[in-house]
Number of protein chains: 2
Amino acid sequence: MISGIENLFSKNANNLKRSVIRELLKLTNKPEIISFAGGLPAPQTFPKEELTNIVDEVITKDGAKSLQYGATEGDEMLKEEIIKLLEKDGIENLKMENVLPVTASQQALDMCAKIFVNPEDPIILGMPSYVGAIGAFRSYRADMIGVPLQEDGMDMEILEEKVKKIKKEGRKLKFVYVIPDFQNPAGITMSEAKRKKLLELAYKYNFLIIEDSPYRNLRYTGENVPSIYSLDDKGYTVSLYTFSKIFAPGFRLGWIIGPDEIIDKFVVAKQAMDLCTPPFSQRIAAYYMKEGYLKKRIEKNVKLYRKRRKAMLDALEKYMPKRDDISWTKPEGGMFLWLTVPEFVDTEDMFYKAIDENVAYVVGNAFYVDDDGSNTCRLNFSYCSKEKIEEGIKRLSDVVKQEIEEKEVK
Amino acid sequence: MISGIENLFSKNANNLKRSVIRELLKLTNKPEIISFAGGLPAPQTFPKEELTNIVDEVITKDGAKSLQYGATEGDEMLKEEIIKLLEKDGIENLKMENVLPVTASQQALDMCAKIFVNPEDPIILGMPSYVGAIGAFRSYRADMIGVPLQEDGMDMEILEEKVKKIKKEGRKLKFVYVIPDFQNPAGITMSEAKRKKLLELAYKYNFLIIEDSPYRNLRYTGENVPSIYSLDDKGYTVSLYTFSKIFAPGFRLGWIIGPDEIIDKFVVAKQAMDLCTPPFSQRIAAYYMKEGYLKKRIEKNVKLYRKRRKAMLDALEKYMPKRDDISWTKPEGGMFLWLTVPEFVDTEDMFYKAIDENVAYVVGNAFYVDDDGSNTCRLNFSYCSKEKIEEGIKRLSDVVKQEIEEKEVK
């Protein structure tokens, strides 16, 4: 082995951390464990039969194109389908130059950091926030500043204070990162009023909004709230989408929409990153949309996940100790809810006890950029069956009870 | 549009350039143009029938796994097949921890820069070098230092001088990037003696070797030369491979091998970049290898490309003006050869005239990190039929003749 390897690594590389979630997830692989930890779609939602037909079609009809190198700008057939999909969601006048298919929305997050962030540049995230975004931004040594979430989304007063403070320090805020719909991890949806307020602040203080929308098509209750992109008539928003929750994660496919000038920069960056998003998978996704499978799949997913969400909320109501300092969010969509336990309980300590009782979650602190969130955790309700959800929440409630009793005795 | 967008972009983003090749390639899309410009495999080599069978198998047997998220470390079945393949090429004792599937070897290049390069860090490349590598390294603002290629690979004396100079300046050389087999763009193969010398220098001066091996399985004549990785018993080499030339580019699949400590760093970086290489495509490639299709495909490719290489060499011999200042390389494999025309001919000026005559190539300067190579160009011989190759070289030879006549008259 080469000597002094640490001197060969870049500063960014030396700053990289292994994802806490992924390391803890390794402990949850035993079959007897009921895991609410992963962010996995239910495998029975994977459209195997439709896929077999589509793939045959792609190979036979479009093999020469879909198996070859493709344009960095992405597959035109796919982009047309994406434009049609978003039109139905209130986003009008999108042109081909506003859409870029990417190798999963994780790549989109990486590209946002690459394109906008110099080391130590300030960016703002709601706290808690998606751990994959934190990881991507950290790998470029961004100065991540947290703003707490409220029941209707990011606290706009604290946000404005932080924005002003950054400005006063003579620094340039690059963007505010938000997941407005059924946020990962908290399950919170940002109100329309706050979306408008966020845009107002962006226009006033001249920062970008990165709107991450992986779950937008998975609403089980309540009224649709317009996307920030659709409310923005000045081009301050870049929005990220993924096929992982509405098709299958195994393709690693997502897309970005934004102003041409920004998408063009993404394209040039992407050329150097992977030349193009896999043309074979892009074409598969294009047919999947074109032939109406996506719409049907979303309907089925919503039906299934709606039941599982209810099963988890019912089980929490039934088994969790009734105390003022125990609460959980009631997400209107998505895949996660957020459990808060008494402040004196550390969910990282409790994690190993939960594993002993064959139930798993993700420790809340993983979603913070500081030491906050130590009495919180994220629970996924999309992966397990209703029966497992009930049994798992029962086990988890027992673990929480024991933990409280132990700490209170001390 | 947000005002002052250039202030929002990172320094790295402002340093990004559009790939010259990709911009020029757009001019070559007309059907009447015979293009030697792209680096495209012949579409008839795509294994459409085998693929249809394999994909059905992957969906039916392994759908729940291959359509789900996967480990960043990669698909184990694929890694086992890769280890077996490399064993036959003299690389022994590879463990699972030494292999990482990536989203095309372009991602591997991007990761090499991300992991090793701080802005202004020196790295060394043979000149000319693969334009995609230059693009990836530039996007991290590496200080790229060129060392000229000779007929048997990089000039080792100049290399040692440059290495000493960097050391004297108190700077840390991060790596030397080489494409030892049938180099892109020059078609040159590095001799065994030079591979050993390069390792000696790496051991002496403590730098890494990035060995890019996209064409290694495509040899049409001459004797196999051991890979640098197989000659290195001290762990100073990281080698990059791709499925693009031996399966199909449309999957965007490649892999890296290297010492565990370095692969581990790649894994952590990749978590933040795209979580994992598409599990669906990885499993397809695994079956493709396991069922013996890869071996057969390589044999067919070699047979086809060997004929096309000969067609191009014969046509150059037949049509190109006979002059001491016109020459071309005679690659023993790969997909490209390198044409040098008289110094007073600028291949970028000539490019537009060639397009008018319906023949295209890539200007040589695109493969340099300075203004060198203006009288060179890269010709691809894998994509066009023998007949088109002869006709295209005839056209190109006429363009070169006219260009020489015009300049000599002046």
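The model on screen is a predicted one. Cys276(A) is also buried, at a relative accessible area of 0%.

Next select Cys112(A). Its closest cysteine sulfur is in Cys276(B), 19 Å away, again too far for a bond. Cys112(A) is buried as well, with a relative accessible area of 0%. How many disulfides does the structure hold over all chains? The count is zero. A disulfide is a covalent bond between the sulfur atoms of two cysteines.

Leu275(A) sits in the loop between helix H11 (260-274) and helix H12 (279-290) of chain A. Its phi is near 65°, which is positive in a residue other than glycine. Is Leu275(A) buried or exposed? With 12% relative accessibility, Leu275(A) counts as buried.

Now move to chain B and select Leu275(B). The loop that holds Leu275(B) runs between helix H11 (260-274) and helix H12 (279-290) of chain B. Leu275(B) is not a glycine, yet its phi is positive, at about 65°. Leu275(B) is buried, its relative accessible area being 13%.

The same surface serves both copies, since 100% of the contact residues of chain A recur in chain B.

The next stop is a proline. Select Asn184(A) and Pro185(A), and look at the peptide bond from Asn184(A) to Pro185(A): it is cis, with omega near 15°. Pro185(A) belongs to the loop between strand E6 (175-178) and helix H9 (192-205) of chain A. In chain B, the peptide bond from Asn184(B) to Pro185(B) is cis too, with omega near 15°. Pro185(B) is placed in the loop between strand E6 (175-178) and helix H9 (192-205) of chain B.

Go on to a sheet in chain A. Its four strands form an open sheet in the order E10-E11-E14-E13, with antiparallel pairing. Strand E10 (327-328) and strand E13 (362-363) of chain A are the edge strands, each pairing on one side only. Strands of a sheet pair through backbone hydrogen bonds, either parallel or antiparallel. Select E13(A) and strand E14 (residues 376-380) of chain A: two bridges join these antiparallel strands. Within the pair, Val363(A) stands opposite Cys377(A) in E14(A).

End with the sheet in chain B. This open sheet also has four strands, ordered E10-E11-E14-E13 and paired antiparallel. At its edges are strand E10 (327-328) and strand E13 (362-363) of chain B, each of which pairs on one side only. Select strand E11 (residues 336-340) and strand E14 (residues 376-380) of chain B, which pair in the antiparallel sense over five bridges. Thr340(B) has Thr376(B) in E14(B) as its bridge partner. Lastly, select helix H13 (residues 293-319) of chain B, which packs on the sheet and touches E10, E11 and E14 of chain B. The direction of H13 makes about 15° with that of E11(B).

Conventions. Residues are numbered from 1 along each chain as its sequence is written. Chains are lettered from A and ligands numbered from 1 in the order in which they are written. This is a predicted model: local features need pLDDT of at least 70, side-chain atom pairs count only at pLDDT 80 or more; totals for chains, interfaces and linings use all residues. Side-chain values use heavy atoms; hydrogens and water are left out. Contact means heavy atoms within 4.5 Å. A disulfide is a pair of cysteine sulfur atoms within 2.5 Å. Buried means under 20% relative accessible area, exposed over 50%, partly exposed in between (1.4 Å probe, protein chains only). Two strands pair if DSSP finds at least two bridges between them. Axes are lines fitted to C-alpha atoms, for helices over the stretch in contact, and angles run from 0 to 180 degrees between N-to-C directions.
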